[in-house]
Amino acid sequence: MLGKLMLGCQALSCALVLSMSLAAVAADLGLKEGAPDLKSAGPLAFAPEGVLLVGDAVNAAVYAIDTGDTSGSPASVKLNVEGINEKIAALLGTTAADILINDLAVNPLSGNAYLSVSRGRGPDAAAVLLKVDGSGKISELSLKQVKFAKAALPNAPAPGGEGRSNRRQESITDLTYADGRVFVAGLSNEEFASNLRSIPFPFGDANKGTSVEIYHGAHGKFETASPVRTFVSYEISGDTNLLAAYTCTPLVKFPVSQLKPGEKLKGTTIAELGNRNRPLDMIVYSKGGKDYILMANSARGIMKITTDNIDKIQGITEQISNTAGLTYETIGGLQGVVQLDKLNGENALLLVQTDTGALNLQTVALP
């Protein structure tokens, strides 16, 4: 849309045309000017036209923020920044020990990376959104006066408690955009607490979402209380599915067409990837004519999971002692990865924790 509006732009009028075109895009997407009241900045994803989706678990809301970042050469970007946590701390006037990088997302239109950050620890931490451009320059995304929209979750857990007892912090565990909708994983205040929501984009009102149930092969039982930790959208036999990973580590598919507000849905467990582990982030990519899932984990390294026969798997319904379902290989050369996103068709962007505690942004070839 923006590119079409810019055609024929003359030098003296380009600024005016750009301003008008960005305003038109924001209006089309249902965004209005103002200051988002972010209380926390967690999961990130990109919607069309450079709109950044931000999950705010404290507010139990998803924000769509117009970054104005709609052009660039993502195919040529190779971003490497050592000690990015220390550089962010310096930018924010604090120490590396006093910040927490919560998520990483790459804008597919520009190749610029965006980070959600907590400045401070505990309930009083401030939410910060940062952009890292192709040269490694870090800048704060101002929220003082931007085009944005907000979708509040109507049945999130109530605030309160500390640590694992604070279920509000898991009202949003991950999110993504696909097929004109924003999908949000997390906990609700329902009896079947694990929840997947499908919100129209541009934002309409968020609904109660779908309560989801899975069979956890390592535990040998059905579960409804543990949230999805990370997920991606993936087309199987022409239908969009959500591939969702849980702690300890079942991988489950949910057909998007079956996500009905206020109803319950039982997923199909297509892999058990090993217990005593928490999945951290995942992407889908193509290489050599095949599709793969790349998953970062807390205790089991980086997994490259095949999607072969994903359409034919009947599902795991009995207790297992090790792994089953879709097969994977561990990428031994990638250690300490805590977040990742697809940078372009050839590369991934990783957030890597070193032995010294420093965090690096690192571009690597998709394995």
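Visitor: What should I know before I start reading?

Guide: This is a predicted model in which local features need pLDDT of at least 70 and side-chain atom pairs count only at pLDDT 80 or more, while totals for chains, interfaces and linings use all residues. Residues are numbered from 1 along each chain as its sequence is written, and side-chain values use heavy atoms, with hydrogens and water left out.

Visitor: What is the volume of the largest pocket, and which residues are closest to its centre?

Guide: First, the idea: on a 1 Å grid over the protein atoms alone, a pocket is an open set of points with protein on both sides within 12 Å along at least five of seven lines, and lining residues have an atom within 4 Å of a point. Grid points are joined across faces, edges and corners, and a volume is the space filled by probe spheres set on the points. Here the largest pocket has a volume of about 1,700 Å³. Its lining has 48 residues, and L100, N102, Q169, E170 and R278 are the closest to the centre.

Visitor: Which strand gives the most to that lining?

Guide: Strands are DSSP runs of E with at least two residues, and helices are runs of H or I with at least four, numbered from the N terminus. Strand 5 gives the most, with five residues. Strands supplying at least two residues include strand 5 (99-106), strand 7 (126-132) and strand 20 (279-287).

Visitor: How many nonpolar, polar and charged residues does the lining of the largest pocket have?

Guide: Ala, Val, Leu, Ile, Met, Phe, Trp, Tyr, Cys and Pro count as nonpolar, Asp, Glu, Lys and Arg as charged, and the others, Gly among them, as polar. The lining of the largest pocket has 21 nonpolar, 16 polar and 11 charged residues. For the second largest pocket, of about 710 Å³, the lining divides into 19 nonpolar, three polar and five charged. Nearest the centre of this second pocket are A45, F46, T176, I283 and D341.

Visitor: What is the strand order in the open sheet of four strands?

Guide: Two strands pair if DSSP finds at least two bridges between them. In this sheet the order is 20-21-22-24, with antiparallel pairing. Strand 20 and strand 24 (328-330) are the edges, each pairing on one side only. Three bridges join strand 22 (residues 302-306) to strand 24, and K304 has E329 as its bridge partner there.

Visitor: And what is the order in the open sheet of three strands?

Guide: That one runs 25-26-27, also with antiparallel pairing. Five bridges join strand 25 to strand 26, and L340 stands opposite L350 in strand 26.

Visitor: Is D179 buried or exposed?

Guide: Buried means under 20% relative accessible area, exposed over 50%, and partly exposed in between (1.4 Å probe, protein chains only). D179 counts as exposed because its relative accessibility is 63%. R276 is exposed too, with a relative accessible area of 77%, and sits in the loop between strand 19 (268-272) and strand 20.

Definitions and conventions
On a 1 Å grid over the protein atoms alone, a cavity is a set of points where a 1.4 Å probe fits but cannot get out, and a pocket is an open set with protein on both sides within 12 Å along at least five of seven lines; lining residues have an atom within 4 Å of a point.
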